[in-house]
Structure formats: structure tokens, C-alpha cells
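Subject: Structure handover

Hello,

Here is the structure I said I would pass on. My notes on it follow below.

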Amino acid sequence: DSTAYYQNPSMTNRSIKAKIFYFFNHKKFAYKSSYTCVYRQLKTRASFLVVGNFYQNKLDADTSFFPELTKNMYGAYSDLNGLRVIGLSGGGGVSVNLVAFKRFFINGTFAIGPELQLRKYSHYSGLVENKTFVAGVADWRFSIGMNLKNFFITGFVVYDIVSYKNKAIDISSTFFSGYGTIGYRFKFKTPKLYQKFQD
């Protein structure tokens, strides 16, 4: 009630997404050192990367996404109440670990590429349209922290955006998250079973 924007309590948005990165300089560059701290990057290094995404996004409302007073502005999409998208994308980018004194680090990762979108538009009238689009996607990540021999602390943010745009509407899906970790590595002997796995 405190916002000037239109609110629709019946609207739901569900998204399932899988993402994979491949780093070309994986022998000298450790992405995991900046985001999970399971490895220590002692020197500044960078790597080009390729990224792949596969997801399903489902947006629904009871009658329409748009308020009654503005429906006429959306033409044939005025009674749109469902949008389902299956997306498959691939692209490239770069990731950099800046390390100081073998302890402090900052990581920046950026990737961009094209995406194939299979869209299903559902209208309140019962009309269903299946269309294929090619769009652009971007993935941006930032991490900062301290990674010592035993103690580590890190925090990072992830920003992922994709657009579902046509001649009448422009719907953007933005995923933003972040978290922090504080940990300590305890010394213990590697179990024999795991040693065999490592070998």
C-alpha cells in the first residue's frame, strides 16, 4: 500500500536455472579461491572463460499482468496472464583474481552472450502463442575477502539479468544475491579412502 506502482497479489514467478563455467587458465587461476575458499590463490591471475545457462521461468497472474486503466496500451497483449520461457545460452567473458600479500583478494567476473528463448504466451481469452526469440544475457560477480593458511573470510554478490522483450512489452528477470562466509581449516589426516580417490 505504500508504493505508487501497481501490485497484483495473484502474480507468481518461478525460476529454475543451471549454470556452468569453464576457465581456460585453470592451472594457474582458481575461481573457487574467491567464492568458496577451498583453495588459496597466492598470486594475481586472470582467465578467459565460457559460460552456459539452461533455465525455465514461469510467470502467471489471474486475469492480466496489467491494470485495467493501462490495458489498452499493450494492444494484443492486454489480457496476457502467463509467460513461460525455456532459455539456453552460451557466452564468454573474463575473471580476475587480484591478490595482495598472499592474503587479501578481490575477484571480478563478467560474461555476456546470446540466448535462445522458447516463449509461450498465455492470454486470459484462452489464446496461446509459441514464439522463438534471440536475446542477450549478462552475468556479473564480485568477491572480496581474506584467505589465510587456516582462517578465511569472504563476501560476494551475483547479478544476473535476462530480458523478455517484444514490440509491445518488456519484461526483465533480474537475479541478485550475496552472502558472506567466515571459516577455519582444521588440520587432520586425509582418510585412506579419500587418498585413493585423489590418486
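**Aromatic groups**

One aromatic cluster is formed by Phe21, Phe23, Phe29, Tyr31, Tyr35, Phe156 and Tyr179. Please keep in mind that this is a predicted model.

In total, the structure holds 15 aromatic pairs. Phe21 and Phe23 make up one of them, a stacked pair with 5.9 Å from centre to centre and 25° between the planes. Phe21 and Phe23 are both buried.

Phe65 and Phe66 are another pair: their ring centres are 6.3 Å apart and their planes stand at 85°, so this pair is edge-to-face. The cut-off for that class is an angle over 60 degrees. Phe65 has a relative accessible area of 8% and is therefore buried, the limit being under 20%. Phe66 also counts as buried, because its relative accessibility is 11%.

Seven strands form an open sheet in the order 1-2-3-4-5-6-7, and the pairing is antiparallel. Strand 1 (12-23) and strand 7 (170-184) are the edge strands, each pairing on one side only. From one strand to the next, the twist averages 15°.

Within this sheet, strand 3 (residues 80-100) and strand 4 (residues 104-123) run antiparallel and are joined by 18 bridges. As one example, Leu88 has Leu116 in strand 4 as its bridge partner.

**Phe133**

Phe133 lies in strand 5, which covers residues 128-147.

Which residues does Phe133 touch, leaving aside its neighbours within four places in sequence? Its contacts are Glu115, Leu116, Gln117, Arg119, Tyr121, Lys165 and Asn166. Leu116, listed among these contacts, is also the bridge partner of Leu88 noted above.

Arg119 is in contact with Phe133, and the charged end of Arg119 sits over the Phe133 ring at 3.8 Å from the ring centre. As for Gly113, its C-alpha atom is 14 Å from that of Phe133, and the two residues are 20 apart along the chain.

Best regards

Key
Residues numbered from 1 in each chain as written. Predicted model: local features only at pLDDT ≥ 70, side-chain atom pairs only at ≥ 80, totals over all residues. Heavy atoms only, no water. Helix = DSSP H or I, 4+ residues; strand = E, 2+ residues; numbered from the N terminus. Contact = heavy atoms within 4.5 Å. Pairing = 2+ DSSP bridges. Axes fitted to C-alpha atoms, helices over the stretch in contact; angles between N-to-C directions. Phe/Tyr/Trp six-rings, centres within 6.5 Å; stacked < 30°, edge-to-face > 60°. Buried < 20%, exposed > 50% of the residue type's maximum accessible area, 1.4 Å probe, protein only. Lys NZ or Arg CZ within 6 Å of the ring centre and 35° of its normal.
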